[in-house]
Amino acid sequence: MLVLCPRCVWSSPCPPPRANWKGFLRLSLVTCPVALYPATSDTEKVSFNQINRKTGHRIKYLKVDAETGDEVTSEDIVKGYKVDTDTYIEVTKDELDDIALDSTHTIEIDEFVPKTDIDSRYLIRPYYLVPDGKVGHDAFAVIRETIRSMDKVAIGRVVLANREHIIALEPLESGLMGTLLRYPYEVRSEKEYFDDIQDVKLTRDMLDLAKHIVEKKSGAFEPELFEDHYETALIDLINKKRSGAPIAAKAAPKTGGNVINLMDALKKSIASEKDMAPAAKAAKEPVRETVKGKKPKKRVEGQREMLLPITGKGDKTAAAKEAPPKKADKPVRAPARAKKAG
């Protein structure tokens, strides 16, 4: 079934994913062509544009000279490194190209390390690495299975946007997952923040009560059960405004007050966990509304669908005033792409 993306043209399907980088993966003398795709995406999240409240038109930003206020064209804009208040060292594109690294089109595997040796603070973002084209699948499989059999992570270098990055490669099903890593100078020392933490003594009773709470909340990691509550609220707000439905003011949240006694707080937490257990169990069970004679619709992942745009200028709810407000369609997320097109 073809699912249309509400962010694209209404009658057009989502474009196929594009590779961020194409080149070669090399382990000693074994080389194969590969493509690098981002493993995560923020495009499904609701985003806003800035508009003029008086006209409803989108705000446009111009690049201007900070001193003269005159607009500057793209061909007159160059990079500059600030060395003083008003002093910059100009660096041209040609000069940057001259110092480009030789490894621009090759991921060179330098070493293999245990995955447990990689501090999580060094992780930046994940990518999917796949063979590029119909050739090189044998060499790709050799590199992938070698890494898998040794139960280690391959450390290599890749150049993205003219900057060299460290990348950690590990097998993921039939492909490779590459995670960009930070350099040591990018990671701050924890001592700058932890030195002022007081060294307190905890009683065994406190720890036992806390462990009991943890055990009650323990379970398997199931990201498909996670819900972005703020994203859901944004979708509902937009749907209500597009359909002309009234927006009710949100009641102020109730606060639990200041914690006076830590032991009492732990005991109350255990009591509240017992009361919430049946509700939490029911929440994990997916509830679907059914219509007599029809099968329940499956929950679809991806960007939630919005109502069709309301026509009219100036007053955005003009159509809503002529007709009684109708209930907004429930937002539904489009399915995530399973693999790249082609």
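Which residue in β5 does L25 stand opposite? The legends below take up this pairing and then other parts of the model, which is a predicted one.

**Figure 1. Overview of the protein chain in the predicted model.** The protein chain holds 7 helices and 9 strands, and buried residues make up 20% of its 342 residues. Among the contacts in the protein chain with a separation of 6 or more, 66% are accounted for by residues 24 or more positions apart.

**Figure 2. Strand β5 with its partners β1 and β7.** Strand β1, residues 21-27, and strand β5, residues 106-113, run parallel and are joined by 3 bridges; within this pair L25 stands opposite I107 of β5, which is the residue asked for at the outset. Strand β5 also pairs with strand β7, residues 153-160, here in the antiparallel sense and over 5 bridges, and F112 stands opposite A154 in β7. In a regular strand the side chains alternate between the two faces of the sheet.

**Figure 3. The largest nonpolar core and the surroundings of I107.** This core has 20 residues, and those with the most contacts inside it are L25, I107, L129 and L169. At least two residues of the core are supplied by each of β1, β2 (30-38), β5, β6 (123-131), α2 (137-150), β7, β8 (163-172) and β9 (175-181), while α2 gives the most, with 4 residues. When residues up to four places away in sequence are not counted, I107 touches W21, F24, L25 and R26, together with L129, R157, V158, I167 and L169. In soluble globular proteins, nonpolar side chains tend to be buried together.

**Figure 4. T179 and its contacts.** T179 lies in strand β9 and has a relative accessible area of 10%, so it is counted as buried, the cut-off for that term being under 20%. Leaving aside neighbours within four places in sequence, T179 is in contact with L123, I124, R125 and P126, and also with I166, I167 and A168.

**Figure 5. Helix α2, with its buried and exposed residues.** Helix α2 has 14 residues and reaches 20 Å from its first C-alpha to its last, close to the 20 Å expected at 1.5 Å a residue. The buried residues A139, F140, I143, R144 and I147 cover an arc of only 135° around the axis, and they therefore lie on the same side of α2. On the other side of α2, D138 and S149 are exposed.

**Figure 6. Two residues other than glycine with positive phi, S28 and D151.** D151 follows α2 and has its place in the loop between α2 and β7; its phi is positive, near 55°, and with a relative accessible area of 66% D151 is exposed. S28, in the loop between β1 and β2, has a positive phi of about 60° although it is not a glycine, and S28 too is exposed, with a relative accessible area of 55%. Most residues other than glycine have a negative phi.

Figure 7. Helix α4 is made up of residues 204-217, and its 14 residues reach 20 Å from the first C-alpha to the last, close to the 20 Å expected at 1.5 Å a residue.

Figure 8. Helix α5, residues 229-243, has 15 residues and a reach of 21 Å from its first C-alpha to its last, close to the 21 Å expected at 1.5 Å a residue. Its buried residues are E231, T232, L234, I235, I238, N239 and S243, and because they cover an arc of only 160° around the axis, they are on the same side of α5. The face turned away from this buried side carries the exposed residues H229, Y230 and K241.

Note on methods
Residues are numbered from 1 along each chain as its sequence is written. This is a predicted model: local features need pLDDT of at least 70, side-chain atom pairs count only at pLDDT 80 or more; totals for chains, interfaces and linings use all residues. Side-chain values use heavy atoms; hydrogens and water are left out. Two strands pair if DSSP finds at least two bridges between them. The expected span of a helix is 1.5 Å times one less than its number of residues. Buried means under 20% relative accessible area, exposed over 50%, partly exposed in between (1.4 Å probe, protein chains only). The arc is that of the directions from the helix axis to the C-beta atoms. A nonpolar core is a set of buried Ala, Val, Leu, Ile, Met, Phe, Trp, Tyr and Cys residues joined through side-chain atoms within 4.5 Å. Contact means heavy atoms within 4.5 Å.
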